[in-house]
Amino acid sequence: MRVRLGDVLFDTGNWSEAIVQYRSAIRQDSTLVNAIVDLGVCYYNLGDAQEAERHFRLGLERDPRHPIALFNLGIVCERRDDSKQALDYYHRALETNPPDPMKQSLFDAIARVQQKIGSSPKPLGG
C-alpha cells in the first residue's frame, strides 16, 4: 500500500512525500528494489545526488541487473563529468534488455557522452 501511494506521489512530482512513503515501505520490506531505486530518483530530483547514488547502488546490491538503477547511476556519473563511468553504466543497462521505451533514452545518452568525449560507438551485442 505504501509503495502504491509512493508511486502516485512520485508520478505527480511530490518527491518529499514520496520519500516518506517509500522509506516506510522499505523499512517493512528491504527487498523492494523498485521502491529503493525510486527513492533514489526522488532524492536526485530534490538535488541530493549523493543520497540518490547511495540508493541506486543499494538497489544494484539487491538486483545487479536493474536497468533503471544502472541508467540512473549513468546519469549521476555523467552530471559529475565522469564520462567513462557513465558510459559503463549506460552499456550495462542496455545489456539487461531494458523495456523498449528506455532503450532510446540509453542510445541517446550513450551518443551524447561519446560525442562529448570524442569516441566512436562501442558495437552493440546481438
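D81 is exposed, with a relative accessible area of 56%, where exposed means over 50%, buried means under 20%, and partly exposed lies in between (1.4 Å probe, protein chains only). You will find D81 in the loop between α5 (67–79) and α6 (83–95). The helices here (H or I, at least four residues) are DSSP runs, numbered from the N terminus. D81 also has a positive phi of about 65 degrees, although D81 is not a glycine.

Before we go on, note that this is a predicted model, in which local features need pLDDT of at least 70, side-chain atom pairs count only at pLDDT 80 or more, and totals for chains, interfaces and linings use all residues. Residues are numbered from 1 along each chain as its sequence is written, and side-chain values use heavy atoms, with hydrogens and water left out.

Now look at N97, in the loop between α6 and α7 (100–117). Phi of N97 is near 55 degrees, a positive value in a residue other than glycine. At 58% relative accessibility, N97 counts as exposed.

Let us move to the start of the chain. M1 sits in the segment before α1 and is exposed, with a relative accessible area of 76%. Although M1 and Q21 are 20 residues apart in sequence, their C-alpha atoms are 9.1 Å apart in space. Q21 belongs to the buried residues of α2, along with A18, I19, Y22, S24, A25 and I26. What covers these buried residues? The cover includes α1 (2–11) and α3.

Two packed helices are described by the angle between their axes and the distance between the axes. Here axes are lines fitted to C-alpha atoms, for helices over the stretch in contact, and angles run from 0 to 180 degrees between N-to-C directions.

Helix α3 (residues 33–45) and helix α4 (residues 49–62) pack at an angle of about 165 degrees, with their axes 7 Å apart. That makes α3 roughly antiparallel to α4, a label for angles over 145 degrees. The contact (heavy atoms within 4.5 Å) is made by residues including I36, V37 and G40 of α3 and A52, H55 and F56 of α4. By class, this contact of α3 with α4 has 11 nonpolar, three polar and two charged residues. In this scheme, Ala, Val, Leu, Ile, Met, Phe, Trp, Tyr, Cys and Pro count as nonpolar, Asp, Glu, Lys and Arg as charged, and the others, Gly among them, as polar.

Helix α4 has another partner to follow. The axes of α4 and α5 come within 9 Å and cross at roughly 150 degrees. The two helices α4 and α5 are therefore roughly antiparallel to each other. E53, F56, R57 and L60 of α4 meet A69, L70, N72, L73 and V76 of α5. By class, this contact of α4 with α5 has six nonpolar, one polar and two charged residues.

Let us finish with R57, found in helix α4. Is R57 buried, exposed or partly exposed? At 35% relative accessibility, R57 counts as partly exposed. Leaving aside its neighbours within four places in sequence, R57 is in contact with L73, R80 and Y89.

Technical notes. Angles under 35 degrees count as roughly parallel, over 145 as roughly antiparallel, 65 to 115 as roughly perpendicular and the rest as oblique.
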